[in-house]
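Reader: Hi, I've just opened this one and I'm a bit lost. Can you walk me through it?

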Amino acid sequence: MDQPDKGSIQSGAEQSNNQEKPHKLSPMMIRLRATMAAAKYHGIDLDIRDFAAEPGESSPSPATLARWLNSQGLIAKGMRLKWRYLIRLYNSPPIVLMFKDGSAGLMVGVNPQKRIVFLRDPLKEEGTPPIAVEEVRLRQAWTGDILLVKANKKLSESEEKIDFKWLFRMVLRERTSLRDISISSMIISVLQIFPAFIVMQVVNRVVAFQSMATLVSITGLLIVLSFYEVLMSYARRELTNVMGTRLDARISIHTYNRLLALPLEFFERQQAGRVIGKVAQIYQVRDFITGRLMMTFLDLFTLVVILPFLFYISIILAWLTITAAGMIGLIVVIFIKPLGYYYGSRIEAEMTRGSAMYESVAGIRTVKTLALEPARRREWDTIIADVSKWRLATSRMQNWPETLVMPLDFFINRGVILIGAFICITNPTAGVDSGAIVAFMMLGGRVASPLVGLAKLMTTITEVGTALGQAGEILNNPTETKALTTGLRPKIIGALSFEHINFTYPGGTSRALKNVTFSIPAGTMLGLVGRSGSGKSTITRLLQGVSRNYEGFLRLDGVDLREINLTHLRRSFGVVLQDNFLFRGTIKDNITAGRPGLTMEKVIWAARMAGAEEFIERMPAGYDTFIEEGSTNISGGQRQRLAIARAVILDPKLMILDEATSALDPESEALVNANLEHIAKGRTMVIVSHRLSSLVNCDKILVMDQGEMQAIGPHEELLENCEIYRTLWLQQNRHVNDHSHSRNNKDGQNDDCGAQSLIPEGT
Ligand SMILES: Nc1ncnc2c1ncn2[C@@H]1O[C@H](COP(=O)(O)OP(=O)(O)OP(=O)(O)O)[C@@H](O)[C@H]1O
Ligand SMILES: [Mg+2]
C-alpha cells in the first residue's frame with residue numbers, strides 16, 4: 001500500500017527474476033547479473049542483497065565485485081588484460097568482461113585460432129547458446145577489465161580445525177616475506193662475523209706490529225660493514241613488522257568469521273565472557289608467532305653461520321661453549337612440563353576473572369538494583385586470590401630455570417675466556433691466541449641465545465598449545481556455514497506446516513516439543529499461547545532454523561525447511577523479540593542495521609508501518625538521532641517499535657513476534673497491536689503472547705502445554721472447547737468478568753465463585 005517506489009537494487013532483481021523484463025535492467029544490474037552467473041557456474045547462488053556498492057561508483061568495479069564474491073566463499077580477482085592474453089584463456093570457467101557502458105558480458109569460451117570469444121547473455125539461463133564476437137567488436141565495448149572467478153577448492157579453509165597445522169599454514173602463506181627475512185638474516189649473521197674476525201686481526205697484527213696503515217684500512221672496512229649491518233637490520237625489522245601485521249589481520253578476520261558462523265544454539269549454551277576470553281587467546285598465539293618464534297628462527301641462522309667460524313678459531317673453546325649452551329637448553333626442557341601445568345591453571349583462573357568482570361558489567365543493572373555489590377566483591381576477592389596464587393606459582397616455577405641457567409651463562413661469557421687465556425699461556429701451540437679470545441668474547445654469547453631460545457620455544461609451545469586449545473574449544477565447533485551458503489532459495493509465500501515434530505534441546509533431558517502437528521496457509525495470523533516453558537519460543541526457533549536437528553518435517557510452502565538456504569530463510573523472516581538489541585548508532589542505522597541497498601524512503605516506510613514515525617520525528621535530530629549506549633534516551637515502547645521497523649523493512653513474508661509487546665505499558669501495547677494488524681496484511685504472522693486479549697483477532701490460536709499441542713482454532717472456538725485456554729482467559733479477564741457479573745447481579749460477593757466455577761478442577 002504505502003510501499004515506497006522500489007528503486008533499489010533488490011527490487012530490480014526481483015523484477016527481472018519474476019517478471020522477465022530483462023531489457024529494463026540498468027547496466028549496473030546487468031553487471032551484477034553477469035557476476036552472479038559466473039558464480040552460479042561454480043555452484044554458488046549469490047543473493048544480490050549481499051552486494052554492497054562502494055559509494056561513488058556508478059557501476060561496481062571489478063575490485064568491488066571481487067570483494068563480494070570473496071565474502072561468499074569464492075575466489076575472485078579483478079584485473080586488466082590485453083586482447084592477446086584474453087584469447088589465451090580458453091580453458092577457464094566463465095569470465096566477466098567489463099563493458100564501457102557500466103554493464104558486463106560473460107565470456108564462456110575462446111577460439112584462439114579464429115581469434116573470437118564467445119559471450120553468453122548473463123540474463124539468460126545457463127546453457128543458452130553463446131554468440132561469437134571478434135576482436136574489433138569486443139574492443140568497442142570492452143574496457144579491458146575482467147573478473148576471474150574460481151571455486152574455492154579449499155571451501156574447507158574457513159572450516160579448518162584451528163590447531164598447530166592451521167597455524168603453520170597461516171604462517172606459510174607469508175612465504176615470500178619469510179624468504180626475504182631469512183635472506184636478510186643470513187646476510188646480517190655473516191656481517192656480524194666479520195667485525196669479530198677483523199678485531200681478531202687488529203689484536204693479533206696491528207697491536208703486535210704497531211701497523212698504522214693496516215689499522216686505517218681495517219677501520220674503513222669496519223665502518224662500511226657496520227653501515228650495511230644497520231641497513232640490513234632495518235630492512236629485516238621492516239619485513240618482520242609487515243609480515244606480523246598481515247598475519248595478525250589474517251588471524252583476526254579468520255577467527256571473527258568463524259565465530260559469527262557458529263550457530264546461535266552454541267552461544268546460548270556458553271557464557272559470553274568465557275567465549276570472548278577463550279577466543280582472545282588466539283592473540284597469544286599471534287604474539288608467539290611474530291615474537292618468540294620469529295626471533296628464534298632468526299637466531300638459528302646466526303648459529304648456523306657462527307658455529308663453523310667458532311670451530312675455525314678454536315675447537316676446544318667452541319666445544320666448551322656448545323656444551324654449556326646445551327646444558328642451558330636441557331635445564332629449560334626439564335622445566336617445560338611443570339611450567340605447563342602451572343601455566344594452564346593460571347590461564348583458567350584468569351579466564352574466570354574475565355568472565356566475572358564481564359558478567360558484572362553486562363548485568364550491572366541487576367547488580368545495582370539488587371545491591372549485589374558486596375556479594376560480587378566477595379566473589380571477586382576469591383577469584384583474585386586464585387589468580388594471584390597461580391600467577392605467583394607460575395613465576396616461582398619460572399624463576400628456577402632462570403636461576404639455574406645463570407652460572408652456565410657466566411661460564412660462556414667469562415669462563416670460556418679465562419680457559420682460553422689459560423690455554424694461551426700454558427700451551428701456545430694450541431692455536432688459541434689473544435685474537436681468538438677476543439673473537440670468542442664477541443661471538444660466544446650469540447651461541448647461547450639461539451639454543452636457549454630454542455629451548456624456551458618449547459616451553460612457549462606448551463603455552464601456545466594451551467591457548468590454541470582454548471580458542472579451538474570455541475572456534476572448532478561445527479559452524480552453520482554450509483547451511484548459510486548452500487541450499488534452495490525458493491520464493492517464499494508463507495504457508496507453514498509442522499509434521500510430527502519432536503525436539504529436544506542439546507543437553508536437555510526432556511522433549512521441548514512433542515509430536516507437534518499443524519499447518520496454516522499463507523497470510524495467517526497465528527497466535528501462540530501456553531504457560532511458561534510450554535514450547536512457544538521453541539516453535540519460533542525451529543522456524544528460523546536455529547535448530548535443525550528435530551525429528552519430523554517442517555515445511556515452508558511445501559519445501560522441507562532443512563533444504564532451504566539458511567540466510568535466505570532468515571531473511572524471509574522478520575523477528576521481534578521481547579528484548580531487542582539496539583546497536584550504537586543513529587535511529588536510521590538501527591532500522592537498516594547496516595543492510596545494503598536500503599533507501600531513506602524505505603526507512604521512513606518501515607517506521608510508519610511500525611508506528612514509530614511520529615516519535616522519531618519528535619526526536620531532536622529525527623532519523624539521525626544517536627541512540628546512546630544502552631539506549632537510555634529511548635523508552636521501552638519506542639525501542640520495541642524500532643525493532644518492529646527493523647523487522648519489517650525488508651518486507652518479509654513471515655513475521656515472528658515473541659512476546660514483543662509484553663514489556664510495554666497498555667497504551668504502547670495498544671498502539672503496537674493496532675500497527676500489527678496493519679503490518680499483518682499479506683504476511684504470515686506468528687505471535688507469541690501471554691496476554692490473550694492481544695490475540696483475540698488472530699485467525700488461529702495454537703495452545704501449547706508442556707511441549708504438547710492442546711488445540712488450535714480461533715478464539716471463540718477455543719473458549720468453548722479448550723479447557724486450558726479457557727482457564728488462561730478467565731484468569732486474565734477476571735476483572736472484566738467481575739465487572740459484567742456485578743452489573744448483572746448486584747451482589748458482588750459471588751463474582752469470584754462465578755468465575756471460579758468455570759475453571760475446571762485440576763488445572
Ligand atoms: N536453550 C535451551 N536449552 C535447553 N533447554 C531449553 C532451551 N530453551 C528452552 N529450553 C527448554 O525447552 C522448554 C520450552 O521452552 P520455550 O522457551 O519454548 O518455552 P516458552 O513457551 O517460550 O516459555 P516462555 O513463555 O517462558 O517464554 C522449556 O522446558 C525449557 O526449559
Ligand atoms: Mg518464550
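Reader: Let's start with Met525: what is its bridge partner in strand 16?
Author: Met525 is bridged to Met685 there. Strands here are DSSP runs (E, at least two residues), helices are H or I runs of at least four, and both are numbered from the N terminus.

Reader: Before we go on, what kind of model is this?
Author: It's a predicted model, where local features need pLDDT of at least 70 and side-chain atom pairs count only at pLDDT 80 or more, while totals for chains, interfaces and linings use all residues. Residues are numbered from 1 along each chain as its sequence is written, with chains lettered from A and ligands numbered from 1 in the order in which they are written.

Reader: OK, back to strand 16. Which strands pair with it?
Author: Strand 9 (residues 525-530) runs parallel to strand 16 and is joined to it by four bridges. Strand 15 (residues 654-658) also pairs with strand 16 in the parallel sense, over five bridges. To count as a pair, two strands need at least two DSSP bridges between them. Met685 turns up again here, as the partner of Met655.

Reader: And why is strand 16 largely enclosed?
Author: Because five of the five residues in 684-688 are buried. Buried means 20 or more other C-beta atoms within 10 Å of the residue's own, exposed means 12 or fewer, and partly exposed is in between, with C-beta atoms placed from the backbone. Thr684, Val686 and Val688 point one way, and Met685 and Ile687 the other.

Reader: Why do they alternate like that?
Author: In a regular strand, side chains alternate between the two faces of the sheet.

Reader: How many residues of strand 9 are buried?
Author: Six of its six. Met525, Gly527 and Val529 point one way, with Leu526, Leu528 and Gly530 pointing the other. Strand 9 also runs parallel to strand 17 (residues 700-705), with five bridges, and Gly527 has Ile701 as its partner in strand 17.

Reader: New topic: what surrounds ligand 1?
Author: Its shell includes Glu268, Tyr505, Gly530, Lys536 and Thr538. A residue is near the ligand if its C-beta atom, placed from the backbone, lies within 6 Å of it. Helix 18 (residues 536-543) gives the largest share, three residues.

Reader: What about Phe518, which residues does it touch?
Author: Phe498, Leu702, Met709 and Ile712, leaving out residues up to four places away in sequence. Contact means C-beta atoms, placed from the backbone, within 7 Å. Phe518 sits in strand 8 (residues 513-520) and is partly exposed, with 16 other C-beta atoms within 10 Å.

Reader: Which domains does the chain have?
Author: The domain assignment gives domain 1 (9-156), domain 2 (162-475) and domain 3 (496-756); such bounds come from an automatic or database assignment. The centres of domains 2 and 3 are 57 Å apart, taken over C-alpha atoms.

Reader: Last one: what's the mean pLDDT of the chain?
Author: It's 82, with 91% of residues at 70 or more; pLDDT is the predictor's confidence in each residue, from 0 to 100. Over residues 1-22 the pLDDT is below 50, and over residues 740-763 it is below 50 too.

Key:
Two residues are in contact if their C-beta atoms, placed from the backbone, lie within 7 Å.
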